[in-house]
Amino acid sequence: MFNQLGLIGCGLMGGSFALALKKAGLVKRVVGYSKSPSTVEKARRLGVIDVAAESALLAVSGSDIVLIAVPVAATEATFKAIRHLVDPNVLMMDVGSTKRDVVDAARRVLKERLPGFVPAHPIAGREVAGIEHADAALYQGRKAILTPLPQTNPVLVQQATDAWSAVGCQVLKMTPEHHDAAFAAVSHLPHLLAFAYMNAMAEQPAGQEYLSLAGPGFRDFSRIAASDPTVWRDILLSNREEILKQSEAFRHALEQMERQMRDWNGPALQELIQSASDARSQWHLGPKPPVSR
């Protein structure tokens with residue numbers, strides 16, 4: 001049981017974590033801060049937070065658990081705003097979709113307070129943003145990745161594991177480097193492709209007509225193109241090296257298929273399709289045994 005959650009960033013991710021902790025009976029009070037006073041007030045009216053803080057520093061004051069739920073690009077500035085009250089014995093986490101840049105920022109800013117920071121990435125979300133979409137069930141049945149550092153207090157790593165488990169997550173641990181390489185492949189590149197695909201459609205003279213004929217397959221393929229532009233700009237830039245590696249691998253696979261089509265090589269094209277179909281059939285969304293790296 002935590003006495004107080006200091007929530008910095010009253011949006012979908014942070015708000016859902018606060019509601020989930022409350023529902024699980026694991027926190028007595030939530031103090032929240034966002035740059036927009038109207039957002040903080042809305043979070044209070046909705047019961048996501050109990051007290052509105054006027055600054056990130058005041059949200060940290062008196063908290064025995066802190067969650068930083070801001071865009072990745074704002075993480076370092078947030079660390080700077082709160083570092084004077086960061087207690088290395090208090091659990092502090094983020095929810096960023098990239099980890100190496102967050103960890104680098106923490107090393108630069110937190111210094112001797114670094115042991116209290118447990119970098120985290122819950123694999124959950126929606127295409128809609130905002131505190132009004134916060135949901136206590138958002139993390140149910142999802143994975144949460146922790147990327148603790150050698151300096152991280154192991155007691156706090158266990159607290160983080162217990163907290164994410166309590167809100168419904170299967171918790172995995174890995175290095176920040178492995179995290180960013182993996183999510184470039186399974187999350188960041190798919191978003192990049194969806195954005196590019198929708199732009200390609202929109203730029204065609206008959207694009208709107210084509211879109212009017214689209215069905216469920218198009219809906220499912222293009223769904224993530226509706227994701228928050230600011231959030232994904234930051235993710236694509238911060239993990240650009242790993243994403244560009246994955247983009248190159250994708251381009252090679254696409255060129256293979258295009259080559260068979262140009263050569264009218266049906267058997268080879270079918271073999272590539274069959275390989276993709278088999279790989280997709282063997283994949284299942286759901287918990288798997290924990291991985292430690």
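Let's start with Leu19, which sits in helix H1; helices here are DSSP runs of H or I with at least four residues, strands are E runs with at least two, and both are numbered from the N terminus. This is a predicted model, so local features need pLDDT of at least 70 and side-chain atom pairs count only at pLDDT 80 or more, while totals for chains, interfaces and linings use all residues. Residues are numbered from 1 along each chain as its sequence is written, and side-chain values use heavy atoms, with hydrogens and water left out.

**Around Leu19**

Which residues does Leu19 contact, leaving aside its neighbours within four places in sequence? They are Gly47, Val48, Ala134, Asp135 and Ala136, with contact meaning heavy atoms within 4.5 Å. Leu19 and Gly47 are 28 residues apart along the chain, and their C-alpha atoms are separated by 8.2 Å. Gly47 also makes a handy reference point for Ala249: those two are 202 residues apart along the chain, with 46 Å between their C-alpha atoms.

**The six-stranded sheet**

Now for the strands. Six of them form an open sheet in the order E3-E2-E1-E4-E5-E6, with parallel pairing. The edges are strand E3 (51–52) and strand E6 (117–118), each of which pairs on one side only. Two strands count as paired if DSSP finds at least two bridges between them.

Helix H1 (residues 12–23) packs on this sheet and touches strand E1 (2–8), strand E2 (27–33), E4 and E5. The direction of H1 makes about 170 degrees with that of E1. Axes are lines fitted to C-alpha atoms (for helices, over the stretch in contact), and angles run from 0 to 180 degrees between N-to-C directions.

E1 is mostly covered, with 6 of its 7 residues buried. Buried means under 20% relative accessible area, exposed means over 50%, and partly exposed is in between, using a 1.4 Å probe and protein chains only. E1 and E2 run parallel and are joined by 6 bridges; Ile8 has Tyr33 in E2 as its bridge partner. Strand E4 (residues 65–68) also runs parallel to strand E5 (residues 91–94), with 4 bridges joining them, and Ile68 stands opposite Asp94 in E5.

**The three-stranded sheet**

There is also an open sheet of 3 strands, in the order E7-E8-E9, and its pairing is mixed. Strand E7 (120–122) and strand E9 (170–173) are at the edges with a single partner strand each, so one side of each has no neighbour in the sheet. From one strand to the next, the twist averages 20 degrees. E7 and strand E8 (residues 143–146) run antiparallel, joined by 3 bridges. Ala120 has Leu146 in E8 as its bridge partner.

**Helix H7 and its two partners**

Two packed helices are described by the angle between their axes and the distance between the axes. Here are the values for helix H7 (residues 176–203) with H11, and for H7 with helix H10 (residues 229–238).

| Helix pair | Angle | Axis separation |
|---|---|---|
| H7 and H11 | about 65 degrees | 8 Å |
| H7 and H10 | about 120 degrees | 11 Å |

H7 and H11 are therefore roughly perpendicular to each other, whereas H7 and H10 are oblique. The cut-offs are under 35 degrees for roughly parallel, over 145 for roughly antiparallel, 65 to 115 for roughly perpendicular, and oblique for the rest.

H7 passes H10 in a left-handed crossing, but the crossing of H7 and H11 is right-handed. Left-handed means that the near helix is turned anticlockwise from the far one by less than a right angle, and right-handed means clockwise.

What meets what between H7 and H11? On the H7 side are Asp180, Ala181, Ala184, Ala185, His188, Leu189, Leu192 and Leu193, and on the H11 side Glu242, Ile243, Gln246, Ser247 and Phe250. By class, that contact has 8 nonpolar, 3 polar and 2 charged residues. Ala, Val, Leu, Ile, Met, Phe, Trp, Tyr, Cys and Pro count as nonpolar, Asp, Glu, Lys and Arg as charged, and the others, Gly among them, as polar.

Ala249 is placed in helix H11 (residues 240–262) and counts as partly exposed because its relative accessibility is 42%.

Most residues other than glycine have a negative phi. Lys111, not a glycine, has a positive phi of about 50 degrees, and Trp264, likewise not a glycine, has one of about 55 degrees. Lys111 is in the loop between helix H5 (100–110) and E6, and Trp264 is in the loop between H11 and helix H12 (266–281). Buried or exposed? Lys111 is exposed at 52% relative accessible area, and Trp264 is exposed at 79%.
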